[in-house]
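Dear colleague,

Please find the structure below, followed by an account of what was found in it.

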Amino acid sequence: MSGTIIVGAGQAGLQVAVALRQGGYRKPVILLGDERHTPYERPPLSKEFLAGKRTAAQLTLRKPDFYSSQGIDLRTGVRVLSLDRSAGRVHLADGSHLAYERLVWAAGGRARRLSCPGADAAGLHYIRTIDDVAALSDALAGGMKRVVLVGGGYIGLETAAVLRGLGHDVTVLEAQDHLLARVTAPPISDFYRDIHRAEGVSIRLGTALSGLRAVAGRINGVVLADSEVLAADIVIAGIGITPNIEPLAEAGIDCPNGVRVDATCTSNDPAILAVGDCALFPSPYTDRPVRLESVPNAMEQARIAAATICGTPAPSPSVPWFWSNQYDLRLQSAGLNMGWDQIEMIGNPAERKFALRYFREGRLISADCINMPAEFAQMKKQIRE
Ligand SMILES: Cc1cc2nc3c(=O)[nH]c(=O)nc-3n(C[C@H](O)[C@H](O)[C@H](O)COP(=O)(O)OP(=O)(O)OC[C@H]3O[C@@H](n4cnc5c(N)ncnc54)[C@H](O)[C@@H]3O)c2cc1C
């Protein structure tokens, strides 16, 4: 009896398996993941795990016996290479295949790679997996290092905060004129710029990288677009992710920038669903499909997909939200701020406790709250209403 195969044993894939069992699904559930670890939390990778405050074992989402107790056949170190939709099969890297009745694609994304000259040198790191961060921590050991972070997004900035705390010399390069340019308005990016500078991070805005300089195959500097060279022992690229969608795209599934799914998380093949970082979903909170990269989104879509498979009522999509921790600052964002035409500040950035509300045509669509958890909950509710 072929049941459901879930490809990707991350936050979303695991939650699909859990929600299927909670929804009374009795057929086989196989959870395939190409990492060697059992499913784990990614957010601490650029926070407590990098800081050495949590171990890899403490990131594990469920204990090993959970899987057998729930009848979830977890297989790690297993990569799906392709699928044969007409036969209802996935083909694995070891040459074997597995049959599915329903396939849930929960393959997330991989860190986008730098493609500049020198990008093959030792000393270039990424932050997506436990193994990435373990390798980075090894490279950081043994005294102060000069670290250049490429990309001033949340992951780059969280990493900068942790590395400053560990006593490293940190420079952040951002090609745009603002940090977090894709996701926030200038008052928030200016606030983080000032905080990081006060902590001793060198923030270089409007600064593009043209290459990495290496000696004997090891990075010793980064070359900027204007030919300036910054000395560096370690370069970390935090320039976003590429969704892992190639096997589906090759099998004819509609995948513009993520697997296009409907409100039930179903793709253009009714047997194939997609959830999490790789899914392009029609959020009711914006007028175009979005691919969101957050744990709450992964959890919610997983529950929707499981309900679709079980034939039970799906939870209605809640307000998208996200968090980021840097130094003593806890940012919580609710809603999607695309297309805002007015912003309003509440509180005082100088007190490290304030919020920015985003409006479109007079309607509250989004809010970024810093150290204001109660206000965040309230604004999230207002956005929903
Ligand atoms: C450093 C870092 C910090 C973050 N911080 C936050 C935060 O503070 N708040 C927040 O909300 N979100 C945060 N996120 C984002 C959040 O972790 C992701 O949105 C979430 O993990 C997505 O889960 P997912 O299951 O969709 O994808 P993933 O976690 O990427 O899991 C997909 C899994 O599928 C595997 N896979 C891919 N292709 C195949 C294949 N062909 N065969 C088998 N397996 C495959 C991948 O290796 C991976 O293990 C952070 C992410 C990172 C990397």
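Does S227 count as buried or exposed? At 56% relative accessibility, S227 counts as exposed (buried means under 20% relative accessible area, exposed over 50%, and partly exposed in between, with a 1.4 Å probe and protein chains only). S227 lies in the loop between β14 (218–224) and β15 (229–231), where helices (H or I, at least four residues) and strands (E, at least two) are DSSP runs, numbered from the N terminus. Its phi is near 80°, a positive value in a residue other than glycine.

This is a predicted model, in which local features need pLDDT of at least 70 and side-chain atom pairs count only at pLDDT 80 or more, while totals for chains, interfaces and linings use all residues. Residues are numbered from 1 along each chain as its sequence is written, and side-chain values use heavy atoms, with hydrogens and water left out.

N371 is found in the loop between β25 (363–370) and α9. Most residues other than glycine have a negative phi.

Helix α9 itself covers residues 373–384. The buried residues of α9 are F376, M379 and I383. Because they cover an arc of only 70° around the axis, they are on the same side of α9; the arc is that of the directions from the helix axis to the C-beta atoms.

How values were computed. The expected span of a helix is 1.5 Å times one less than its number of residues.
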